[in-house]
Amino acid sequence: MGKVFQQESGGVFADSIQSILKNEFRAEPDWSSTTTSQHSIDMNENHPRFEPPRLYEQETSLELLANRHGLNQASMIDFSLNVNPFGCSPDAIAAAREAIENANVYPDINLSVLRAALSRKYRHAQEKYLFGAGLDDVIKLLIHAWASPKDKILVHLPTFPRYALEARMHGCEVIGVKGKDSKKFDIDRYAEALRNNPISMAFICSPNNPTGEFVSGDVIEYLARSSPRTIFVVDEALINPATEGSLRLPERLKNVAVLRTFSKLFGLAGMRVGFAIADERLIDAVRLVRPPFNVSLPAAAAAVAALEDDDFIAKCSRIFVEESEYFRRRISEKPGVAVVGSHGNMMLLELESLSSSQAAAKLASEGLVVADATSFDGLQNTATLRISLRSRTENEKLISALLAL
Ligand SMILES: Cc1ncc(COP(=O)(O)O)c(C=O)c1O
């Protein structure tokens with residue numbers, strides 16, 4: 001049963017929220033009758049605290065790889081992390097610089113300026129926004145607020161690993177659905193898992209990290225209407241922020257939350273600002289667990305300025321399109337390497353005759369850092385690499401190295 005439905009010591013404010021949400025979203029409480037979908041895997045088979053999962057962020061640490069291959073860290077090129085290689089809006093840097101003058105005061109607890117700017121841009125009521133130090137923070141807060149230990153959390157594999165990690169650390173059971181095709185979202189199997197299990201929260205990453213696949217708003221709406229007691233969390237971290245995606249769903253559906261971040265195309269990964277948009281009552285429940293000042297003053301100021309610089313986003317997206325097309329064209333010269341998924345500057349590559357670890361190690365020895373995508377649950381038995389393209393000159397180096405594999 002979701003935590004939002006059972007807190008006892010939160011006072012009148014908390015109790016009223018709990019009782020409202022309880023009637024609308026409570027999953028079936030009879031855990032003994034739970035069956036796991038025959039196509040899904042139980043990720044809790046091994047206790048997470050004793051079996052730490054692989055994290056590509058750690059495997060691609062430049063410091064670690066520079067030491068391993070005897071290279072100068074400064075000369076390495078990182079294609080492994082999905083960030084904007086062209087920096088961020090100059091206005092965002094100016095705003096952050098100005099804000100740091102007030103470093104001695106806490107940030108506004110409501111982040112009112114950022115809230116109002118987002119509300120204007122994306123046309124939601126201001127009360128529908130919740131902020132965190134990046135989406136990593138938001139994901140954790142949502143799980144803590146909307147799920148209890150032993151609740152079932154649904155993910156579709158392969159996907160961004162943080163949903164499963166945070167859910168398991170919170171004591172939840174993670175059900176990971178795999179598609180018939182390991183790189184495609186399988187609506188039937190996902191819907192079957194929803195039917196067969198009392199799911200408290202269902203995560204959908206769109207565009208999906210690492211496959212780049214979009215799940216349409218219509219599909220999400222269909223799933224959310226079919227399972228009204230499950231809270232659907234649609235992670236749109238990788239989407240072009242100028243596009244609508246699923247942004248309108250939280251207006252029509254009380255059980256859908258959409259997540260966005262300033263880390264990707266906005267180019268503010270180092271600032272750590274992410275946000276959720278959902279029904280006011282769901283957001284109210286998270287406010288109880290949110291540390292009051294979890295977004296810093298310069299970060300919030302940079303986010304507001306970044307949001308207003310449409311030209312920067314348009315320019316970067318145009319370059320991403322050009323570079324992805326160029327990369328695809330050049331890589332098609334090599335029969336043993338195929339692009340099997342992409343979005344923006346993120347590409348998932350499949351190799352024919354080399355394992356992912358061999359290829360990643362070979363590239364790292366040449367100072368080119370890519371993510372071995374077999375670290376993603378659901379891609380273990382593949383030979384896949386995840387890369388994020390950069391400037392033409394840097395991409396040329398990666399292309400030459402891939403062609404020479
Ligand atoms: C799909 C997805 N969600 C969330 C995140 C976390 O983003 P943030 O930097 O906002 O914590 C990432 C980062 O790579 C991501 O790819």
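Two strands pair if DSSP finds at least two bridges between them. The close-ups below come from a predicted model.

**View 1. β10 and β11 form a hairpin.**
Strand β11 covers residues 346–351, and six bridges join β10 to β11. The two strands run antiparallel. Val337 stands opposite Leu351 in β11. Gly341 has Leu348 of β11 as its bridge partner. Two residues lie between the strands of this hairpin. Gly344 sits in the turn, with a positive phi of about 55°.

**View 2. Four strands make an open sheet.**
The strand order is β10-β11-β14-β13. Pairing in this sheet is antiparallel. Which strands stand at the edges? They are β10 (337–343) and β13 (371–372). Each has a single partner strand, so one side of each is left without a neighbour in the sheet.

**View 3. Helix α5 packs with helix α12.**
Helix α5 spans residues 112–122, and helix α12 spans residues 297–308. Their axes are 9 Å apart and meet at an angle of about 20°. Angles under 35 degrees count as roughly parallel, so α5 is roughly parallel to α12. The crossing of α5 past α12 is left-handed. From α5, the contact takes in Val113, Leu114, Ala117, Leu118 and Lys121. From α12 come Ala300, Ala303, Val304 and Leu307. By class, this contact has eight nonpolar residues, no polar residues and one charged residue.

**View 4. Helix α13 packs with helix α15.**
Helix α13 runs over residues 310–331, and helix α15 over residues 392–403. The packing angle is about 20°, with axes 10 Å apart. That angle makes α13 roughly parallel to α15. Here α13 passes α15 in a right-handed crossing. Glu323, Phe327, Arg330 and Ile331 are the α13 residues in the contact. They meet Arg392, Asn395, Ile399 and Leu402 of α15. Sorted by class, the contact holds four nonpolar, one polar and three charged residues.

**View 5. A shell of 14 residues surrounds the ligand.**
Which residues are the closest to the ligand? They are Gly134, Leu135, Ala237, Thr261 and Ser263.

Terms used
Residues are numbered from 1 along each chain as its sequence is written. This is a predicted model: local features need pLDDT of at least 70, side-chain atom pairs count only at pLDDT 80 or more; totals for chains, interfaces and linings use all residues. Axes are lines fitted to C-alpha atoms, for helices over the stretch in contact, and angles run from 0 to 180 degrees between N-to-C directions. Angles under 35 degrees count as roughly parallel, over 145 as roughly antiparallel, 65 to 115 as roughly perpendicular and the rest as oblique. A crossing is left-handed if the near helix is turned anticlockwise from the far one by less than a right angle, and right-handed if clockwise. Two residues are in contact if their C-beta atoms, placed from the backbone, lie within 7 Å. Ala, Val, Leu, Ile, Met, Phe, Trp, Tyr, Cys and Pro count as nonpolar, Asp, Glu, Lys and Arg as charged, and the others, Gly among them, as polar. A residue is near a molecule or strand if its C-beta atom, placed from the backbone, lies within 6 Å of it.
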